[in-house]
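I want to look up a helix and then an interface, and jot down what turns up.

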Amino acid sequence: MNIIVVGLSHRTTPVEIREKVAFAPTEMEKPLRQMLALSAVNEAVIVSTCNRVELYACTRDIDNAIAQLRRFLADYHGLDDAVLAPHLYDYYGEDAIRHVFRVSSSLDSMVLGEPQILGQIKTAYSYATEHKTAGLILNRFLHKAFSVAKRVRTETSIASSAVSVSFAAVELARKIFEKLDDKTVMLIGAGEMCELAARHFVSNGVRSVLVTNRTFARAEKLADEFGGRPVPFAEFADYLPQVDIVLTSTGAPDFVLSADKAEEVIRRRKNKPMFMIDIAVPRDIDPRVNDIDNIYLYDVDDLQGVVAANLKGRKKEAKKAEMIVDQEIGQFFRWLGSLDVVPTVVALRKKLEDIRRSELDKTFGNLKGLDEKERKAIEALTAAIINKVLHQPTLLLKQSSNDATSDGYIDAVRALFNLETPNPDDEIKPLDHFDGEGKRSHG
Amino acid sequence: MSVNLLLFKITLLLYFVATVCYLIDVLAQKDVAGKMARWVLSGGFLLHCITLGARWIEAGHAPMASLHESLSFFAWAIVGIFLLFDLRYRLAVLGAFCTPLALGLMIFSLGAPGEIKELNPILDTWWFPVHVSLAFAGYAVFAIAFAAGVMYLIQERLLKKKRFSGLYFRLPALNTLDSINYKCLSFGFPLMTMGIVSGAIWANMAWGGYWRWDPKETWALITWFLYAALLHGRLTVGWRGRRAAIFSIIGFLCLLFSFLCVNWFLSGEHSFRVLAGG
């Protein structure tokens, strides 16, 4: 069984294209089911964030599955294959495992070490379990990815220096306003990233928070958390002139703030500068707003630049994190490889044969008076019992080897008979001695 | 060489060293260089005070009559006002923009004839130092506004274009630059106004008329209107940020023009030929 990844990210694709292939969180069931319905796909998970859209799948036919997933991504969003194809990457086998481990550990993120991505993958996973499209392998795989991310977080200081999109946003705000304590922030929409960024602003001194959301109750709840004020979504533009920092992350398909409106707002503010951060994909604010004097508009891609400038100091920690990922890949890959039918049957036979052999030795040790013929008869009897016992399971495993149920059977057999399986969840010793040069020292 | 010219050259050297240190601070991002620059510049300013004092004593009149003297006095005022701002804002990067300006004026001044000439009788009144000091103090404050304006435009450009180079980290926040700009305007404008008014009173005493539309007066009025418009715009319509920065750059260029070109090339009571008595 193989794990494959097909997708695109901020590294390969500009935001204009990413926003076209994003999956709305409210309607994940349909694409998940369609993905699972593909002939070469056995399990399916869709990760869709503002920086990446990735399809994780299990398959027995790698080439076919990759082709099907590439086509699915274009077809589902009504895009021409030729437009999308140059931006897509695909991984299988060990590379796929490495990729997902790196993504979940935030080694592939725009902001190296930012914590949001793990939550986003967990959400993606919860959609897949809710709609039952993730099976044994992706379940195990993603749990493993979560634990790798946790290890990276605890064993390196990659995340400790507070690098995240929200941190970058606060840094930028300081370059515009200098002090934040008399500034007002408005949250438009209540996305997780947006909420986090707002929290960051509040912890950096911002006192006044306005929250608006299509669902007013949600706005009220969030405003309550920040000690802020909820604002009806239909009227939010009326409040903009009193706002210095705008954070948007609605799921709206079109712009919620046009350039004309923004121009009017800045006029009413007597040109006091405004900082707008559009975390939504598709974007919420017309990009032309950045051309207006005294308004500084940043989308998620722009924040990358800010962060890239901060990255140097994190390189060493990233190296250490890559080593953790490497270590974990080997273990998981061995487990995945063990899920094939033939090695399982061989291992099962060997296990029972070993038991039979050791029990026979004990028995023959006690029964000293047996002659050769009797011994042969007892050996044949025990061998026959084992063959009979193994017949049905072996048949079932072989028959199921072409459908999705086999992994479950194999895993069960391995667990029931305690066959030598590398457990993907076993603890691995932490990398406590690291010289920063990519080598491990065992001192 | 007279004492004051020797002192002048040492001052120029110190300003040169300070400028280089400020530029190293900004371009190579070395804080040590910025701190050094502050000390060297302060030392240079002190020496500059002595230079001007020595010249005043030697000439027997305020050292603002010839081109050499005015340029040197202008540079002195810029450095002095900058050091005052530096006490409040502690911005080495502002120094990187102001000191080259002062250094440039000093080099110009070095090129102008440095000998002390006999004073035109028209200047032999205490209105002369009062008028010129007020005007130059205003000019110097506007020079800081000019530097802040240039810095604002650069930082604004970097933020708009999302380019995060070394200068982005070194330049202060937009709001800081805008508030420097506003402070300069609110100090510089009254100074300039008082300079013009004192000049008018002096003119009335010297020639029997407050205003005679000599080219310098006309240009000073144009510049005054420009700054008045900016101040009005700031207070009523909310002209700030980029627009205010551009205005203070244009305003200062106007000032430089009225100071250098009008005094030099156009005829009138402010021409150095006339001022220097021949």
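Predicted model: local features only at pLDDT ≥ 70, side-chain atom pairs only at ≥ 80, totals over all residues.

**Entry 1: a helix of chain A.** I looked up α7 of chain A, which runs over residues 136–155 and has 20 residues. From first C-alpha to last, α7(A) reaches 28 Å, close to the 28 Å expected. Next I asked which residues of α7(A) are buried. The list includes Ile137(A), Leu138(A), Phe141(A), Leu142(A), Phe146(A) and Val148(A). I was pleased to spot Lys144(A), Arg151(A) and Glu155(A) among the buried residues too.

**Entry 2: where the chains meet.** I then turned to the interface and found 21 residues of chain B in contact with 25 residues of chain A. The area buried between the two chains is about 1,900 Å². Carbon and sulfur atoms give 47% of that area.

Entry 3: How many salt bridges cross the interface of chain B and chain A? The rule finds 2. I noted down the one between Asp302(A) and Lys162(B), whose closest N and O atoms are 3.0 Å apart. The interface also holds 15 residue pairs in polar contact.

**Entry 4: chain B's side.** I checked which helices of chain B supply at least two residues each to the side touching chain A, and they are α5, α6, α7, α8 and α9. Of these, α5(B) gives the most, with 5 residues. By type, I get 10 nonpolar, 6 polar and 5 charged residues on that side of chain B.

Definitions and conventions:
Residues numbered from 1 in each chain as written. Chains lettered and ligands numbered in written order. Heavy atoms only, no water. Contact = heavy atoms within 4.5 Å. Buried area = accessible area lost by both parts, 1.4 Å probe. Salt bridge = Lys/Arg side-chain N within 4 Å of Asp/Glu carboxyl O. Polar contact = N/O pair within 3.5 Å; in protein donor to acceptor, adjacent residues only side chain to side chain. Helix = DSSP H or I, 4+ residues; strand = E, 2+ residues; numbered from the N terminus. Nonpolar A, V, L, I, M, F, W, Y, C, P; charged D, E, K, R; others polar. Expected span 1.5 Å × (residues − 1). Buried < 20%, exposed > 50% of the residue type's maximum accessible area, 1.4 Å probe, protein only.
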